[in-house]
Amino acid sequence: MIIAIDGPAAVGTGTLARGLAARFNLAHLDSGLLYRAVAARVLAAEGDGSDPDQAEKAARTVTVESLSEPGLRSERVGRVASKVAVHPAVRQTLLGRQREFARRPPGETAGAVLDGRDIGTVVLPNADVKFFLTGPLNVRLARRVKELRARGERFIQARVEQDMRERDQRDRSRAAAPLAAATDAHVIDTTELDAEAVLETACRLVRSSPRTSRTKVRRVSGAPSDTAQKVRSQESP
Ligand code: CDP
């Protein structure tokens, strides 16, 4: 089973992806981290993300193994990530890494869940289930601020807000693979929903999707774990 999740900054695609990965025994790839790893290399070379050749060279050295590098989640790296993400050659280079992950997910898993901006539209147009999460800037900003506090990062809220606004704008308006909902995506407005409620909504949609047969879900739910138990009990009519 392959699941694609897209949405703007701090809307909760990563949280949902981790939740679905645990419920359905899927490998998870946060594709934003690939762009962040490119940005970190560009920053290390004192670039600002605007040079396509420098960014492409950096992208060639990024692998799925690079994603545990420290510092990738910082606001500064996120800002430059959205700049390198504009360059078609960077996107093309990272496309192969993402498709390869979905084709051969690591470990003993039942498939993969990828989250990002263009997973359902460009990276995995044939994904079994697609989600597109939405939420207004103020709600997403509150989530990002909570996350930064939890990580003990120092930040200026107005700057974070400005960055998110600019990043969303750049992601939506770029020519190559802009942020957009696939026509066959389930759009979930997260304004009034906490992370658990989004996960429950998505789980219901996965189980009722014609592309994810009950056989597949049952096989996963047969795994000896608490989450598998939950899946089974929720499946009962
Ligand atoms: O977690 P957050 O919402 O801050 O963003 P992210 O998922 O880490 O992505 C960082 C940046 O990478 C985004 O602002 C996009 O510009 C870019 N990105 C992309 O273009 N395509 C993807 N599939 C994932 C991320």
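This is a predicted model: local features need pLDDT of at least 70, side-chain atom pairs count only at pLDDT 80 or more; totals for chains, interfaces and linings use all residues.
1. **Strand β1.** β1 spans residues 2-6. Five of its five residues are buried, so the strand is mostly covered. The cover reaches both faces. Ile2, Ala4 and Asp6 lie on one side. Ile3 and Ile5 lie on the other.

2. **Partners of β1.** β1 pairs with two strands named here, β3 and β4. With β3 (residues 112-116) the sense is parallel, over five bridges. Ala4 has Leu114 as its bridge partner in β3, and Ile3 has Val113. With β4 (residues 129-134) the sense is again parallel, over four bridges. There, Ile5 is bridged to Phe131.

3. **Strand β3.** β3 is mostly covered as well, with five of its five residues buried. Ala112, Leu114 and Gly116 point one way from the strand. Val113 and Asp115 point the other way. Asp115 is thus a charged residue by class that counts as buried in β3.

4. **Strand β2 and the β3 link.** β2 (residues 27-30) runs parallel to β3, and four bridges join the two. Val113 of β3 is the bridge partner of His28. Val113 is also the β3 partner of Ile3.

5. **Helix α4.** Is α4 enclosed or open to the outside? Eight of the 10 residues of this helix (residues 75-84) are buried, so the rest of the structure largely encloses it. The buried residues are Val77, Gly78, Arg79, Val80, Ala81, Ser82, Lys83 and Val84. Arg79 and Lys83, both in this buried set, deserve a look in the viewer.

6. **What covers α4.** Which helices pack against its buried residues? They are α2 (31-44), α3 (52-60), α5 (88-103) and α8 (157-173).

7. **The ligand shell.** The ligand is surrounded by 17 residues. Gly32, Tyr35, Ser82, Ala85 and Gly116 are the closest. Ser82 is one of the buried residues of α4. Gly116 is a buried residue of β3.

8. **Who supplies the shell.** Which helix gives the most residues to the shell? α2 does, with four. α2, α4 and α8 each supply at least two. Both α2 and α8 also pack against the buried residues of α4.

Notes. Residues are numbered from 1 along each chain as its sequence is written. A residue is buried if 20 or more other C-beta atoms lie within 10 Å of its own, exposed if 12 or fewer, and partly exposed in between; C-beta atoms are placed from the backbone. Two residues are in contact if their C-beta atoms, placed from the backbone, lie within 7 Å. A residue is near a molecule or strand if its C-beta atom, placed from the backbone, lies within 6 Å of it. Two strands pair if DSSP finds at least two bridges between them.
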